[in-house]
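User: Could you please take me through this structure step by step? I am new to reading such models.

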Amino acid sequence: MRIAFLLAVATTLLAACSSSSSGTDVSGLAPTWTNVYSAVVAKKCLPCHATSTGVSLGKLDLSAKDKAYANLLNVAAQGSSCAGQGTLVVPGQASSSLFYQKVGSSPPCGLTMPFQLAPLSGSEKNLIKEWIDGGAKNN
Ligand code: HEC
């Protein structure tokens, strides 16, 4: 009886811990643009980058998959904090791509994205990194 109770408490605590950890586990997904867009961008970036602040301040419209791809690939940053500070996606070079650098804890310009939301999980960041390092294909 007591053991069953302790087990129930432990299970509840474990569940609470995993649901409160930031971001979503996307480690099973292949690093394609389709997966980056649907699993990360559509869920975490559109509150702003489809309307209002992200488009007006960030100057980055990610509201549809093809539009987002065209607005990222080899495009120079134009937003309020990052204009003149780099390129959004440099195919093959996540470490030089602001689209990846800005989801890290110390971006070279402006705020960590997603602004005002919980930081991305390690696997969400990694999905973006692997997609860019793999050539940032429109796949
Ligand atoms: C709550 C609103 C908000 C959310 C959510 C958000 N952004 Fe932003 N974003 C902004 C604002 C405001 C700026 C301009 C200031 C800055 O660059 O820090 C910006 C700027 C950017 C820029 C720089 C664009 C440029 O050309 O200068 C990138 C890249 C970016 N965001 C990526 C993302 C990604 C990726 C996500 C989702 C993981 C995201 N943002 C979610 C508001 C948001």
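Analyst: The conversation below goes from the overall chain to individual residues.

Analyst: This is a predicted model, in which local features need pLDDT of at least 70 and side-chain atom pairs count only at pLDDT 80 or more, while totals for chains, interfaces and linings use all residues. Residues are numbered from 1 along each chain as its sequence is written.

User: What is the average pLDDT of the chain?

Analyst: The average is 87, and 82% of the residues score at least 70. Here pLDDT is the predictor's confidence in each residue, from 0 to 100.

User: Where does pLDDT stay under 50?

Analyst: That applies to residues 5-21, and the model has zero contacts beyond four places in sequence for them. Two residues are in contact if their C-beta atoms, placed from the backbone, lie within 7 Å.

User: How many helices and strands does the chain have?

Analyst: The chain has seven helices and zero strands, which gives the pattern α-α-α-α-α-α-α along the sequence. Helices (H or I, at least four residues) and strands (E, at least two) are DSSP runs, numbered from the N terminus.

User: And what share of the chain is buried?

Analyst: Of the 139 residues in the chain, 27% are buried. A residue is buried if 20 or more other C-beta atoms lie within 10 Å of its own, exposed if 12 or fewer, and partly exposed in between, with C-beta atoms placed from the backbone. As for contacts between residues at least 6 apart in sequence, 50% join residues at least 24 apart.

User: Let us turn to the ligand. Which residues come nearest?

Analyst: There are 32 residues around the ligand, and C45, C48, G58, G79 and G110 come nearest. The elements that give two or more residues to this shell are α2 (33-44), α3 (46-49), α4 (52-56) and α6 (98-101). A residue is near a molecule if its C-beta atom, placed from the backbone, lies within 6 Å of it.

User: Which element gives the largest share of that shell?

Analyst: The largest share comes from α3, with three residues.

User: How do the shell residues divide by type?

Analyst: They divide into 19 nonpolar, 10 polar and three charged residues. Ala, Val, Leu, Ile, Met, Phe, Trp, Tyr, Cys and Pro count as nonpolar, Asp, Glu, Lys and Arg as charged, and the others, Gly among them, as polar.

User: What about the largest nonpolar core; which residues touch the most other members?

Analyst: Of the 27 residues in that core, V36, F99, I128, W131 and I132 touch the most other members. The elements that give two or more residues to the core are α2, α5 (65-72), α6 and α7 (122-133). A nonpolar core is a set of buried Ala, Val, Leu, Ile, Met, Phe, Trp, Tyr and Cys residues joined through C-beta atoms within 7 Å.

User: What is I128 in contact with?

Analyst: Leaving aside neighbours within four places in sequence, I128 is in contact with V36, V40, F99, Y100 and V103.

User: V36 again. Which residues of α2 are buried?

Analyst: The buried residues of α2 are W33, V36, V40, V41 and K44. They lie on the same side of α2 because they cover an arc of only 90° around the axis. The arc is that of the directions from the helix axis to the C-beta atoms. These buried residues pack against α3, α5 and α7.

User: Moving on, where is the cis peptide bond?

Analyst: The cis bond joins M113 and P114, with omega at about 0°. P114 lies in the loop between α6 and α7.

User: What is the phi of K59?

Analyst: K59 has a positive phi of about 50°, although K59 is not a glycine. K59 is found in the loop between α4 and α5, and is partly exposed, with 16 other C-beta atoms within 10 Å.

User: And A136: buried or exposed?

Analyst: A136 counts as buried, with 24 C-beta neighbours inside 10 Å. Its phi is near 50°, a positive value in a residue other than glycine, and A136 is placed in the segment after α7.

User: Lastly, what does D61 touch?

Analyst: Not counting residues up to four places away in sequence, D61 touches H49, A50, V55, K67 and N71. D61 lies in the loop between α4 and α5.
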